[in-house]
Amino acid sequence: MENIFDTLEGEESIFKDKKPLDHRFLPENLPHRNEQITQIAKYWIEALNNVTPSDITLYGKTGTGKTAAANFAREQLIEAASNKNVFIRVEYIRCTDYTTEYQVIAQLCQKLGRDVPNRGWTKGEVINTFRDIFRKNVHGKKLILIVILDEIDILLEKDGDGILYTLTRTENVSILSISNYVDFKKFIKPRVMSSLRDKEIVFPPYVADQLADILSERAELSFKPNSLDDDVIPLCSAMAAKEEGDARYALDLLTTAGEIADEEKSDVIYGDYVRKAKDRIEHNKVTDIIITLPTQQQRVLEAILKLTQNNEEITSGKLYDTYKEVSKGDSVTYRRIFDFINELEMLGIISTNTISRGRGKGRTNIITLQCDTKLLETTLFSI
Ligand SMILES: Nc1ncnc2c1ncn2[C@@H]1O[C@H](COP(=O)(O)OP(=O)(O)O)[C@@H](O)[C@H]1O
Ligand SMILES: [Mg+2]
């Protein structure tokens, strides 16, 4: 029998290089983000004059290019600084990997050449070591450190705002925070807020034409010539524009459509593969989210499913009644249900819509399921 890897390696593929389709790939240019990158650069240019730049916050929904733009600006600044007599470091921290103040500061120390263990020291010891870097500079020059805190909301929610307190109170440190949620500042207490006088830069969702430009550049790098049928990029772009202008989703659609073409042993990606890709991605996404939800939240979803299947208008009151039936007595309070509804909405599984019942009757929140009922049913009852 032939070796399994040889067999697989010998198979034809429509991809010439999959790397440019990876989420972490940083392209050489970022179409339609010039304005945002220029704004970052206008603040960061201070560093080239030996001045610590203002703190910056990047806002925008998932897939609007925040991480890419920050890293792009980072590389540009490092390049510019290398020709000048300045000592600048720009360090990127993904707060889903380093979820506490200790971990972030320890990581920064390590990146700047200090030996700090990942655990075991007190927070005070780590912070002192960090601050020491700015005092005793081996290069004899003043170090300016720009810290990119990506997905900062995760860190703030989990560990509080101590990280911002520490960084804003360390001289020569500038913070660029990135958040997917506009209201992440609710995690920051006033005394910290007052020292974080940040400049805000907004990343609006991409529209279909912009997504098409982004995809075309990536497709050229990734696929063999003439592998895309004419409607493939417009389709991916239109579908992703509907999904809140999410470039990551657009890239996922294109990649998955390419994989389907390989499976079908086709040397062209057709529009039909994009539609199949959409189902496949939706399937994986919804399933992944639902299986990791806490049990009571799954019961809430089950109640929403039941009401949807009965074609009922779902108010929170009605949802709570049905939820209590479904959970058979082992249930959470009515107030807690509102948190669940918010979380499910953030995950994109449901949407809520406030409607007015007419004069004097107040307003009601109506809940609508945003994923396929069949898929939800199969997932919920297979857990
Ligand atoms: N303007 C752009 N040009 C090229 N690729 C982009 C652009 N905007 C986003 N992308 C790509 O889309 C994906 C998601 O972007 P990302 O920066 O991670 O979004 P965010 O951080 O806002 O969630 C990444 O693979 C990124 O390279
Ligand atoms: Mg990001």
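Modeller: A helix axis here is a line fitted to C-alpha atoms over the stretch in contact, and the angle between two axes runs from 0 to 180 degrees between N-to-C directions. The model is a predicted one.

On the α4 side the contact is made by Glu101, Tyr102, Ile105, Ala106, Leu108 and Cys109, which meet Lys123, Val126, Ile127, Thr129 and Phe130 of α5. Sorted by class, the residues of this contact are eight nonpolar, one polar and two charged. The buried residues of α4 are Glu101, Tyr102, Val104, Ile105, Ala106 and Leu108. Besides α5, they pack against the strands β2 (87–94) and β3 (143–150) and the helices α6 (152–159) and α7 (162–168). Just after α4 comes glycine 113, whose phi is positive at about 85°.

The next pair lies further along the chain. Helix α9 (residues 208–222) packs with α10 at an angle of about 130°, and their axes are 8 Å apart. That angle makes α9 and α10 oblique to each other. The crossing of α9 with α10 is right-handed. From α9 the contact takes Ala208, Leu211, Ala212, Leu215, Ser216 and Ala219, and from α10 it takes Ile233, Pro234, Cys236, Ser237, Ala238, Ala240 and Ala241. By class this contact has eleven nonpolar residues and two polar ones, with no charged residue.

The loop between α9 and α10 holds asparagine 226. Its phi is near 55°, which is positive although the residue is not glycine. Asparagine 226 counts as exposed because it has 8 C-beta neighbours inside 10 Å; the cut-off for exposed is 12 or fewer. Lysine 265, in the loop between α11 and α12, also has a phi near 55° and is likewise a residue other than glycine. Lysine 265 is exposed, with 9 other C-beta atoms within 10 Å.

Buried residues of α12 are Tyr273, Val274, Ala277, Lys278, Val286 and Ile290. Their cover includes α10 (232–242), α11 (247–263), α13 (295–309) and α16 (373–380).

The axes of α13 and α16 come within 11 Å and cross at roughly 140°. These helices are therefore oblique to each other, and their crossing is left-handed. The residues in contact are Gln298, Leu301, Glu302, Leu305, Thr308 and Gln309 of α13, together with Thr373, Leu376, Glu377 and Leu380 of α16. By class, the contact of α13 with α16 has four nonpolar, four polar and two charged residues.

Asparagine 180 sits in the loop between β4 (173–179) and α8 (190–193). It counts as buried because 20 C-beta neighbours lie inside 10 Å, and 20 or more is what the class asks for. Leaving aside residues up to four places away in sequence, asparagine 180 touches Lys61, Thr62 and Asp153. The C-alpha atoms of asparagine 180 and threonine 62 are 5.9 Å apart, while 118 residues separate the two in sequence.

As for the chain that carries these helices, it has 16 helices and seven strands. Its C-alpha trace spans about 70 × 60 × 50 Å along its principal axes. Of its 383 residues, 33% are buried. Among contacts with a separation of 6 or more, 70% join residues 24 or more positions apart.

Technical notes:
Residues numbered from 1 in each chain as written. Chains lettered and ligands numbered in written order. Predicted model: local features only at pLDDT ≥ 70, side-chain atom pairs only at ≥ 80, totals over all residues. Helix = DSSP H or I, 4+ residues; strand = E, 2+ residues; numbered from the N terminus. Contact = placed C-beta atoms within 7 Å. Parallel < 35°, antiparallel > 145°, perpendicular 65-115°, else oblique. Left-handed = near helix turned anticlockwise from the far one by under 90°. Nonpolar A, V, L, I, M, F, W, Y, C, P; charged D, E, K, R; others polar.
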